Amino acid sequence: MSKRLSASERSDSESLQETLFELSRVEAREKRLREENDAILSAISAMAEATSKTDIFASLLDVIHRYVNFDSAVALSRNRETEDAFRCLVSTERLLETVTWQTGDVFHRCVKGETVAIYKPSMIKELHCLTHQYASYLQGTALISGLTVNDSEVMLILFSHRRDSFNNEAQQVVDRFRPLIERTIMDIDYRHRLHALVSSRTQELNASRQRFQDFAQTASDWFWELDNAFQLTYLSSPNTDIHIDAEALLAKIKSDKELKARLEQLISREESFSDIEWHIASRAHDYWVSLSGRPCYNKKGQLSGYRGTAKDITATKRRVVELQQARRQAELANNAKSQFLAVMSHEIRTPLNAVLGLIDALQHSRLTLEQKEWVGQMDKSAQLLLTLISDVLDLSKIESNRFSLSPSLMKPSDCVTNVYQQLIERADKKRIHLSASVSPSVPDTLYMDENRFTQILLNLIANALKFTDQGGVTVSLNTDGDVLILRVKDSGIGIDESQIGRIFDPFTQADGSITRRFGGTGLGLSICKKLVEMMGGRIDVDSELGQGTDFCVRLPIVATPQDAEKHQPTPAIPAGNVQPMVILVVEDSRANQMVVRLMLEKQGHTVVLASNGEEALEHVKQTEFDIVLMDMSMPVMDGIAATKALRASGFKQPIIALTANAMDEDKQRCVRAGMNDFVTKPVRAASLSAVLYTHQPLTLSDH
């Protein structure tokens, strides 16, 4: 009798069968997962041993190919910040490495974590780059997966010629393999970037090495390197006329004991050095080298040697020697010029003394009006010649640095007044207005070289009068803080703007035709500028052609030293103020003897003449003289030697130099020899009277 199963028993049997079936599925799934895990571990192990990105990629594809059937594969990458298109990292086909892959919506979805199966590859933008060579892929299917690693986006594309290759299971396999894919792509990308970086650095290093070698070969310097044992490890071959190898150079350094000791001392103290000059003298060569170097250290901070340069400075040394020789020759030439000018000044002043002396005598004699006018013109011409001689001498002394200032207490207002009185007659003759003003802000006394300040003032005003035919010349003296400001403004012919820079050059005027029209040498302004600069000031000029010129001199107001004595100008000598004296005139020129004798006798003095120093000594033995007027340059015995002999013999009376030598050192020689004063030739009656007045013997009324 058959037994029929109850409903409950059937239900339990079905549940058991379902459970067994599910258990079988789980076991199969676990087996598959174990196989996948084993495959992943095997792939990871293979990738760890791989030596190239191609080997790594092949290991990945080998694992995927067990579960997904594909024909070709490619891995792409791009930097989101710097690249628009994807580049090929690695591919199973070489032709695919040359393709440029543009991004699109599918790639955007994949880099966010999706795995997309494409059944019509020709329809998506990203695969339009595939040409007819890959037409079979465009007719098949593609499986695309991507991920984002730091700033990089990476993509894995599997291709199949068949349309049904990539189903949901294939997508799931790729998703499960995503960690392995991520690691693989990261490793490939890293190796790719590392290879590119190494390649770039290698190229830069090679380029740098080549650049250094090119510089070292074309430079005129040696590049050298020493180790701790004082051995040359590198020496370049410079592009120079001197041919010397490393061993020869090192041998020369070692043979120079002084240089070697100096270098070893610096190296022992690990000091940098520069421009150590080294003279190498031999039969074949004689040249100079300048050594410079600095220490270099290893990674532990220990001294590993020295690196530096050696520069051939032979040409520089020769140029320095040539410049020194040229400078000495220029100084000798300048001194010769100054000596020549001093001699010429003496030679010109000597006959000019007779000319001006006789003119003085003629002016005080009985002459007709016409004759007086002639004599006046002669006097002006002689004075102009004397001014020219003085200007040339002053310029020579300034340029040869034989010129010095003699500051003392002086009254600037008196200087302006004296110059004004000297030039007012000239302005009146030209019928132009000359005005001078001194501001109340100007101090009563200043510590300044009065003669040179007066010379500047006289030159500027005389220059303004010369170039002004109508209108006037305005002179003003003012202050601005601790600066004295002198302005000389005229309404004359003016200076063209393009020529203003030339007016202070010696022997130069703004327009050559002006010299022919107005005369002059062009020395006045040059001397003014040099004097102003020596006094620590500056001179500026502002002019407009046809409208006039404005000169502005700025001089610093210097504090007066405590021991400065107020300079007292020589007072004007009224007629008859000098008492009659017995005077010995020692002068070798017959013409000058006659002129000086005529001047002195007109003033009531008794005159005895001597032609040289020896005659003067004999006269002094026989006659008592109140004053001796002594020429400096004479035959037999000059004035310096005669003065020394007179002082040595006990002669106490004043000795006044009559000299055509106007240099400061000549005047100092007079003082050192024992002379009391000097009168510069050409001698004028007024200057001679002033000196005689100063040194005349004291009378009872003087006390």
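Phenylalanine 273 and tyrosine 306 are both buried. They belong to a predicted model, and they form one of the two aromatic pairs that the structure holds.

**Aromatic pairs**

- A pair of aromatic rings is described by the distance of the centres and the angle of the planes.
- The structure holds two such pairs.
- Phenylalanine 86 and phenylalanine 107 make an edge-to-face pair. Their centres are 5.4 Å apart, with 80° between the planes.
- This pair links distant parts of the chain, 21 residues apart. Phenylalanine 86 is in the loop between strand S1 (72–79) and strand S2 (87–91). Phenylalanine 107 is in helix H3 (residues 105–111).
- Phenylalanine 86 has a relative accessible area of 3%, so it counts as buried. Phenylalanine 107 has a relative accessible area of 1%, so it is buried as well.
- Phenylalanine 273 and tyrosine 306 make a stacked pair. Here the distance is 6.0 Å centre to centre, and the angle between the planes is 20°.

**A charge over a ring**

- Lysine 317 places its charged end over the ring of tryptophan 288. The distance to the ring centre is 4.6 Å.

**Strand S20: burial**

- Why is strand S20 (residues 627–631) described as largely enclosed by the rest of the structure? Five of its five residues are buried.
- Both faces of S20 are covered. On one side, Ile627, Leu629 and Asp631 are buried.

**Strand S20: neighbours**

- Strand S18 (residues 582–586) runs parallel to S20, and four bridges join them. Isoleucine 583 stands opposite isoleucine 627 in S20.
- Strand S21 (residues 655–659) also runs parallel to S20, again joined by four bridges. Valine 628 has isoleucine 655 in S21 as its bridge partner.

Technical notes: Residues are numbered from 1 along each chain as its sequence is written. This is a predicted model: local features need pLDDT of at least 70, side-chain atom pairs count only at pLDDT 80 or more; totals for chains, interfaces and linings use all residues. Side-chain values use heavy atoms; hydrogens and water are left out. Rings of Phe, Tyr and Trp (its six-membered ring) pair if their centres lie within 6.5 Å; planes under 30 degrees apart count as stacked, over 60 as edge-to-face and the rest as tilted. Helices (H or I, at least four residues) and strands (E, at least two) are DSSP runs, numbered from the N terminus. Buried means under 20% relative accessible area, exposed over 50%, partly exposed in between (1.4 Å probe, protein chains only). A charge sits over a ring if NZ of Lys or CZ of Arg is within 6 Å of the ring centre and within 35 degrees of the ring normal. Two strands pair if DSSP finds at least two bridges between them.
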